[in-house]
Amino acid sequence: ANVWFPRRGLDIVKFEPCPQTPTSEFASELSDEILNYFLSEEVDRVELLYTSFVSMISSVPSVRTLVPLSPQGLETAGDEIFKLTTKDGKFGVERETVPRAEPEQFQADMIFEQEPAQLLNAILPLYINGQILRTVQESVASELAARMSAMQAATDNAKDLGKRLTSQMNRARQAAVTQELLEIVAGAQAVSG
């Protein structure tokens, strides 16, 4: 993204490399900066581009609008929890689907002690921090899965190459031994003959 966008004439305000172990502190720094840009009206929309982890062999480029919030799209069809596992030296993924939580109905006479704007100001940074942390973790998981797949393919290719080279070397050695035997037999026949 750091190269792709400038080539197309789009400005990048800031590039922040992703750590291999994303923390909530990292996500909090990003969310604070994003909110400052949005609240100061330097930007009117914040979209997050990330790699969504699907499985060990699949990831999907995704775009998520962080702010402004829209009333649609906040509810999810259900979240999935992925766990990277190993069994007999092989990596695997366990997937658990968590059903969507149904919205609660508030009583009509419920009274909020704080104004809605105060509630939103308190919850919005936490929401954005959580979304950034989740997407960064998914991106790191996608990268690690791609690296593991690439390393497994490289290992398999190296083993195959080793087998083929060993076979070729054995054939060459056998041909050399056979040639030497033929020369010895031919020399012995010439001497005796």
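Helices (H or I, at least four residues) and strands (E, at least two) are DSSP runs, numbered from the N terminus. The expected span of a helix is 1.5 Å times one less than its number of residues. The model is predicted: local features need pLDDT of at least 70, side-chain atom pairs count only at pLDDT 80 or more, and totals for chains, interfaces and linings use all residues. Residues are numbered from 1 along each chain as its sequence is written, and side-chain values use heavy atoms, with hydrogens and water left out.

**View 1. Helix H2 and its span.** H2 has 16 residues. From first C-alpha to last it reaches 21 Å, close to the 22 Å expected at 1.5 Å a residue. Just after H2, glutamate 41 takes a positive phi of about 65°.

**View 2. The lining of the largest pocket.** A pocket is an open set of points on a 1 Å grid over the protein atoms alone, where a 1.4 Å probe fits, with protein on both sides within 12 Å along at least five of seven lines. Lining residues have an atom within 4 Å of a point. Here they number 34, and Ile12, Lys14, Glu47, Leu48 and Leu49 lie nearest the centre. H3 gives the most, with six residues.
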